[in-house]
Amino acid sequence: MPKNSKVTQREQSNEHVTESVADLLAHEEPLDYKSSSLNVIGATGKKVPQIEVPEDDGRPAWNSKLQYILAQVGFSVGLGNVWRFPYLCQKNGGGAYLVPYFILLLLIGIPLFFLELAVGQKIRRGSIGVWNYVCPSLGGIGMSSLMVCGFVGLYYNVIIGWSIFYFFQSFQYPLPWSECPIRRNGTLAIVEPECDKSSATTYFWYRQTLNITSTIAESGGLNIKMTLSLLVAWIIVCLAVIRGIASSGKVMYFSSLFPYVVLFCFLVRGLMLKGSVDGIAHMFTPKLEKMLEPQVWREAATQVFFALGLGFGGVIAFSSYNKIDNNCHFDAVLVSLINFLTSILATLVVFAVLGFKANIMNEKCVVENAEKILGYLNSDVLSHDLIPPHVNFSHLTTSDYAEMYGVIKAVKEGGFAQLGLEPCLLEDELNKSVQGTGLAFIAFTEAMTHFPGSPFWSVMFFFMLINLGLGSMIGTMTGITTPVLDAYKVQKELFTVCCCIVAFFCGLLFVQRSGNYFVTMFDDYSAGLPLTVVVILENLSVAWIYGTKRFMQDLEDMLGFRPCIIYFYLWKYVSPLCLIVLISATVIEMAISPPGYNAWVEELAQERFQSYPPWALAMCFALIIVAMLPLPVVFIARRLNLMSDGSNKLSVSYRKTMMKDMSNLEEQDEARFILGAKPGEAPSSAPAHKAYLTPGGTKTLDANSLSPNSCYGTSYQNAAISPTTPTTPTTPATPDSDS
C-alpha cells in the first residue's frame with residue numbers, strides 16, 4: 001500500500017474514520033465495508049488485514065505530461081483558429097470581438113472543458129462508458145458524440161486532402177495559381193474567360209482543383225485528383241492512430257508544434273511586407289457598438305464551443321489515459337489559454353498578409369482607373385483642368401488618385417456614374433470578409449503569389465494546414481475508437497483500419513465535382529445543433545443528476561484540493577443557462593435563414609446563393625436527426641429495461657473502481673458543503689451502519705439506501721451489508737455484471 005494513500009494515512013491517525021460518498025466512489029478497494037480496506041478498524045476494535053488492489057488496470061497511458069498536453073492542444077487548435085476566428089473578428093467589430101469571446105471562454109469554455117477532462121480522468125473510459133456510468137438513462141450522450149465525430153471526420157479529412165493537393169502543387173515556380181491560363185485558338189491567344197472575370201487563384205480553386213459543378217443536383221462524377229488526395233489523407237490518419245496513443249502521441253510532438261513555427265515565421269515575414277501594419281491596425285481597431293448586438297455574442301459562444309472540441313468525445317478519450325491524480329484543472333486552464341492565444345496569433349498573421357494583399361489590390365485599382373482617366377482626357381470627355389497640377393500619372397499615389405477622384409466626382413456630378421470610376425479605398429479592401437476555404441485557398445494563396453520565394457511560403461503554409469487538420473483528426477478518431485474499444489474486445493489495429501476504409505468510401509460523396517456543396521452541408525448541419533444538445537446534457541447530467549456537490553467532492557479527492565467555489569455555480573447555473581440560450585439562438589437562426597449554399601456559376605464566374613432542392617433539404621434534417629437519435633432511443637430503452645446499461649462491457653478492473661451511489665442522499669446545507677464546513681463529529685454507534693460525510697454532517701447509511709433506481713451507477717450494486725456480518729476478513733463480493 002503506498003505510504004501516502006488515504007487508507008495508510010487513516011491507519012496512522014487517531015481520528016475516527018469517516019468516509020464521504022465521493023471517497024467510496026474513488027476507491028479501488030472491495031466494497032463490503034467490513035471486509036474492505038475502507039474499514040480500518042472492525043466492529044470488535046481489531047485491525048482487519050488490508051487487501052491491495054493493483055493500480056495498473058492495464059489501460060494505456062501517456063508517456064509524459066507534455067505528450068498529453070500536446071495531444072489536447074493539437075485536437076483543440078485546428079483549422080478554425082486560422083480561418084474562422086480571424087473572419088469573426090473582422091466581421092464583429094475587430095478588437096471589440098475579443099471582449100465577448102474572452103468572457104464566454106471564462107463562463108462556458110474553461111468550466112465545460114474542465115468538466116470533460118475530469119469525468120474522463122475519473123472514470124477512465126471513453127464517452128460511451130463515461131455517460132453510462134454517470135447516468136445510464138442518458139447513455140445516448142456518448143453514442144451521439146460518436147455519431148457527430150463520424151460525420152465531422154468524413155468531411156474534415158476532405159479538407160486535409162485539399163491541403164495535400166495544394167502542398168504538392170506548391171513545388172513549382174511560378175505557382176500554378178499565380179496567372180490565368182491562356183486559351184489558344186489557332187494563332188489567337190486569349191485569357192481563359194472564367195479566369196479573367198474572377199482571378200487566377202479563384203479560377204484555380206474552383207476549376208483546376210474542384211472542377212466544380214453549377215448545382216448540388218449535378219454530381220459530375222468523381223474528381224480523380226481529389227479522390228487520390230483523400231486516399232492519401234486517410235492513409236496518414238490511419239497510420240497516426242492505428243496503435244492508439246502509442247502512435248498518435250508521438251505524432252503530436254510534430255503536428256502540434258510545427259504549426260506554431262510556421263505561424264511565427266509568417267508573422268515575421270508578414271510584418272516586413274508593405275501594408276501589413278494597415279491590416280493589423282484595421283483588425284484591432286475596436287468597433288464598440290458591435291458589442292451590443294446579440295449576434296456577436298452568439299457567434300462568440302459558438303466559436304468558444306467548437307474551438308475547444310467540446311462534445312466530440314476526443315477530450316474525454318484523451319484524458320481517460322491520464323493518471324487518476326493528474327491535475328486536470330491546470331490542464332483545462334492551460335489548454336484553453338493556449339487555444340485563445342493561438343487564435344490571436346493566427347489573426348495577426350492573417351491580417352498582416354491580408355493588409356499586404358489589400359495594398360496590392362488597391363494599387364492595382366488605382367492603376368486601372370488612372371488608365372481610364374487618361375483615356376477620357378485624350379478623348380476630351382474630361383478636361384485637363386480637372387487634374388491637379390502636382391499629379392504625375394507615371395508615379396500616381398493613392399492619395400493623388402483620391403484627390404483627383406474627388407474633383408472629377410464633384411464636377412461631373414450628373415454623368416459621373418457613366419465614367420465607371422472606382423474610389424479605390426484601402427478600407428474597402430480590408431473590409432472584404434473572407435472565411436473558411438475562401439480565406440485559405442483563395443485570399444491567402446493570392447497574397448503569397450506576391451511574396452519573394454512564393455513556392456517556399458506556399459509549401460510551409462499548406463504543410464501547416466495539413467498538421468493542424470491532422471491534430472484535430474487524431475482527436476476525432478480517438479473519440480470514435482476509444483469508446484468502442486472500451487466496450488467491445490476487438491483488435492485495435494484491425495478496428496482502426498476498418499474505420500478508415502469505411503470512412504474513405506463514405507467520403508467519396510465529398511470528392512465528386514459537386515462535393516464542396518456537401519462539405520458545406522455537413523459543416524452546417526451535422527455538428528452545430530447536435531453538439532450543443534450533447535454538451536448541455538453532459539452539463540446537466542453531472543451538475544443536476546450526479547450532483548454538483550458530489551462531483552466537487554470527487555474532484556477534491558482526485559486532485560488533492562477543492563476547486564474554486566465559482567465552478568459550482570458555473571456548472572450548476574451559468575453554463576446551462578448560456579447553453580440553453582445558445583441552442584435557442586441556433587434554432588431561431590436555422591428557422592429564419594433559408595437553407596441553401598453558395599454555388600459557383602461558371603458563366604458569371606462568381607458565387608450565387610441557391611436553395612437546397614427537396615432531397616438535399618431532407619438530407620440536412622436527416623443529419624441532425626441521426627446525430628441526436630441515440631439520445632431518446634437509449635433513454636426509452638433503458639427506462640423500459642430493453643437495454644443493458646453497458647456495465648457488462650466494462651473490464652473487471654474498471655468495475656472494481658465503481659460503487660453504488662447513494663440515491664437518497666439529502667440535499668442539505670449546500671453552502672456549508674461548498675465552503676468546506678466541518679462535518680459532525682459523532683457517527684452512528686450501530687454496528688450495522690457506516691458513517692459517511694455528507695454536506696450537512698454525518699449521516700448513517702445502510703444497505704437499504706442503495707436504491708437500484710438511482711440514475712447513476714445503476715449497475716454497480718454490491719452485496720448488501722448485513723448487521724450480522726462477522727468481523728473476520730472475507731473475500732470481497734464481485735459486482736454484478738448485469739443490471
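Analyst: E192 counts as buried, at 13% relative accessibility. Buried here means under 20% relative accessible area; exposed means over 50%, and partly exposed lies in between, with a 1.4 Å probe and protein chains only. This is a predicted model, where local features need pLDDT of at least 70, side-chain atom pairs count only at pLDDT 80 or more, and totals for chains, interfaces and linings use all residues. Residues are numbered from 1 along each chain as its sequence is written, and side-chain values use heavy atoms, with hydrogens and water left out.

The partner of E192 is R183: their side chains meet in a salt bridge at 2.6 Å, N to O. A salt bridge needs a side-chain nitrogen of Lys or Arg within 4 Å of a carboxyl oxygen of Asp or Glu. Side chains of opposite charge can pair when their charged atoms come close. R183 has 40% relative accessibility, so it counts as partly exposed.

The structure holds six salt bridges. One of them joins D331 and K65, at 3.0 Å from N to O. This pair links distant parts of the chain, 266 residues apart: D331 sits in helix α17, K65 in helix α3 (residues 65-76). Helices are DSSP runs of H or I with at least four residues, strands are runs of E with at least two, and both are numbered from the N terminus. D331 is buried, with 0% relative accessible area. K65 is partly exposed at 35%.

E556 and R562 form another salt bridge, with their closest N and O atoms 2.7 Å apart. E556 is partly exposed, at 25%. R562 is partly exposed too, with a relative accessible area of 25%.

Now the cysteines. A disulfide is a pair of cysteine sulfur atoms within 2.5 Å. The count by this rule is two. In one, the sulfur atoms of C180 and C195 are 1.9 Å apart. The turn about its S-S bond is -80°, and the C180 and C195 link is left-handed. The partners lie 15 residues apart: C180 is in the loop between α8 (140-169) and β2 (182-185), C195 in helix α9 (residues 193-197). C180 is partly exposed, at 23%. C195 is buried, at 1%.

C365 and C424 make the other disulfide, sulfur to sulfur 1.9 Å. The torsion about the S-S bond is about -75°, so this disulfide is left-handed. C365 lies in helix α17 (residues 328-378) and C424 in the loop between α18 (398-411) and α19 (426-430), so the pair ties together parts 59 residues apart in sequence. C365 and C424 are both buried. Two further cysteines deserve a note. C89 is buried, at 0% relative accessibility. C149 is buried, also with a relative accessible area of 0%.

Last, the serine. S319 is in helix α16 (residues 314-319). S319 is buried, at 0% relative accessible area. Its side chain reaches the backbone oxygen of I316 at 3.0 Å. A polar atom of the S319 side chain also lies 3.3 Å from the backbone oxygen of L117. Leaving out residues up to four places away in sequence, S319 touches Y68, Q72, E116, L117, G120 and Q121; contact means heavy atoms within 4.5 Å.

Terms used. Polar contact = N/O pair within 3.5 Å; in protein donor to acceptor, adjacent residues only side chain to side chain.
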